[in-house]
Amino acid sequence: MKKNHYTIKDIARLSNVSRGTVDRVLHNRGKVSHKSRLKVEKVLSEIDYQPNLIARSLRQGQMYTLAVLLCKPDDPYWQMAFNGIQQAIAEFSSFGISVEVHHFSQNDSEDFNNCFHTILSKKPHGIAVAPISRASSDVFLELSLEKNIPVTVFNTPVQTKVNGFIGQDLYQSGRIGGDLLAKMNKSGGKFAIVHMDGVFRDSRTMQEKDMGFRSFFFQKDHYEVVSLNIDKQQNDIQDEWIKDFFAQHPDLAGLLVSTSKTYKIAAIMEELNIHANLIGYDLIPQNVHFLSKGIIDFLIHQNPHKQGYLAVKDLAEHFLFQKDIPAQNLLPIDIVNQENVNCYLENMQPEPHDLEKTDRI
């Protein structure tokens with residue numbers, strides 16, 4: 001049985017040459033006879049040898065600094081993304097990767113701008129960012145690329161060309177929300193898409209889901225689509241807005257909430273004893289509570305933990321292994337209900353990254 005890992009001593013023994021000869025072949029330096037080189041290369045091919053790039057990087061004293069910019073984790077959704085980032089930090093910190101996390105207040109473009117200024121001033125090797133605001137992010141993403149700083153974006157796609165995007169096909173997820181509601185109401189009806197705690201005109205996340213939802217019902221007979229937009233700044237009167245909306249549309253058959261704030265709609269529906277179908281996003285505790293009570297029918301799992309984890313992982317592997325950053329990593333659009341929610345809650349963390357050991361070549 002082949003060993004998982006081979007040292008220079010192992011390869012020298014198998015090749016019947018000195019360790020110095022193996023070292024010169026591996027690193028393509030110094031003089032090696034043609035016969036000895038063939039011996040070493042034959043053994044390398046037989047054992048499927050892969051050089052340990054991490055160990056090589058550590059020996060050369062290379063350190064890489066990454067910066068992460070995301071919303072403050074006082075929101076359960078962003079806490080999950082932050083947990084994923086922390087997992088990546090724990091896995092890569094021993095291999096010459098240093099990660100600084102910067103938080104900005106959600107929907108505060110000035111705070112976002114200040115944080116990005118700070119990040120650029122520190123000249124990191126790479127940046128991972130969740131760009132909530134389209135208007136605020138474009139300029140800084142372009143600046144990063146002008147400075148040749150690789151950038152991975154997660155959660156929200158951007159129009160600016162970046163090195164990599166991690167998230168879902170938001171347009172398609174909006175269509176899936178519409179499809180689920182239509183399947184539960186095959187005779188037709190009025191359906192609402194609700195955007196909460198964001199500025200619709202500046203949120204590509206909301207806009208993509210909205211377009212997908214409406215496209216599903218486009219030219220379908222017996223279906224009507226209405227919408228409700230509630231900015232976070234209207235927190236004090238959110239309940240009144242929601243209740244007024246239900247009063248204006250007493251015949252609603254179903255709703256899709258485009259953010260993780262589905263529980264706010266669910267709470268009003270429970271209070272008013274409204275029996276419309278309800279679909280939302282994300283397995284935050286408040287949403288899971290109403291899913292278990294049957295008030296929320298389905299939750300679309302966006303996996304913020306994995307998004308944050310992969311955004312850092314892709315950058316780290318780019319520097320450690322010289323791997324290309326995936327231009328697009330679209331995560332599955334998982335549909336969660338009462339029957340499978342516990343399975344998702346038990347398996348929300350990604351598999352640990354299998355880093356190479358550092359006690360080898």
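**View 1. The second largest cavity in this predicted model is lined by Thr 65, Leu 66, Ala 67, Glu 100, His 102, Ile 119, Lys 122 and Pro 124.** Its volume is about 30 Å³. A cavity here is a set of points, on a 1 Å grid over the protein atoms alone, where a 1.4 Å probe fits but cannot get out, and lining residues have an atom within 4 Å of a point. Grid points are joined across faces, edges and corners, and a volume is the space filled by probe spheres set on the points. Strands β1 and β2 (97–104) are the elements that give two or more residues to this lining, and β1 has the largest share, with three residues. Helices (H or I, at least four residues) and strands (E, at least two) are DSSP runs, numbered from the N terminus. By class, the lining divides into four nonpolar, two polar and two charged residues. For these classes, Ala, Val, Leu, Ile, Met, Phe, Trp, Tyr, Cys and Pro count as nonpolar, Asp, Glu, Lys and Arg as charged, and the others, Gly among them, as polar.

Before you move on, two notes on reading these views. Residues are numbered from 1 along each chain as its sequence is written, and side-chain values use heavy atoms, with hydrogens and water left out. Because the model is predicted, local features need pLDDT of at least 70 and side-chain atom pairs count only at pLDDT 80 or more, while totals for chains, interfaces and linings use all residues.

**View 2. The largest cavity holds about 50 Å³ of space.** How many cavities of 30 Å³ or more are there? The count comes to two. Around the largest cavity you can find Pro 131, Arg 134, Ser 137, Asp 138, Thr 156, Pro 157, Val 158, Gln 159 and Arg 204. Helix α7 (residues 134–146) gives the most to this lining, with three residues. The classes divide into three nonpolar, three polar and three charged.

**View 3. The largest pocket has a volume of about 440 Å³.** A pocket, unlike a cavity, is an open set of points, with protein on both sides within 12 Å along at least five of seven lines. Which of its 26 lining residues are the closest to its centre? They are Gln 106, Ile 132, Asp 197, Ser 203 and Met 206. Helices α5 (76–92) and α9 (204–217) are the elements that give two or more residues to the lining, and the largest share, three residues, comes from α9. Sorted by class, the pocket lining has six nonpolar, 13 polar and seven charged residues.

**View 4. Strand β3 (residues 126–129) is covered on both faces.** Gly 126 and Ala 128 on one side, and Ile 127 and Val 129 on the other, are all buried (buried means under 20% relative accessible area, exposed over 50%, partly exposed in between, with a 1.4 Å probe and protein chains only). Two strands pair if DSSP finds at least two bridges between them. Strand β1 (residues 64–71) pairs with β3 in the parallel sense over four bridges, and Ala 67 stands opposite Ile 127. Strand β4 (residues 151–154) also pairs with β3 in the parallel sense, over three bridges; here Val 153 is the bridge partner of Val 129.

**View 5. Six strands form an open sheet in the order β7-β6-β8-β9-β10-β12, with mixed pairing.** The edge strands, each pairing on one side only, are β7 (223–230) and β12 (334–336). From one strand to the next, the twist averages 20°. Strands β10 (residues 298–301) and β12 run antiparallel and are joined by three bridges, with Ile 300 opposite Ile 335. Helix α10 (residues 238–248) packs on the sheet, touching β6 (189–196), β7 and β8 (252–257), and its direction makes about 165° with that of β7. Helix α11 (residues 262–272) packs on the sheet too, touching β6, β8 and β9 (277–281), at about 155° to the direction of β9. Contact means heavy atoms within 4.5 Å. Axes are lines fitted to C-alpha atoms, for helices over the stretch in contact, and angles run from 0 to 180 degrees between N-to-C directions.

**View 6. Lys 293 lies in the loop between α12 (285–292) and β10.** Is Lys 293 buried or partly exposed? With a relative accessible area of 43%, Lys 293 is partly exposed. Leaving aside neighbours within four places in sequence, Lys 293 is in contact with Glu 270 and Gln 338. Gln 338 is 45 residues away along the chain, yet the C-alpha atoms of Lys 293 and Gln 338 are separated by 8.5 Å.
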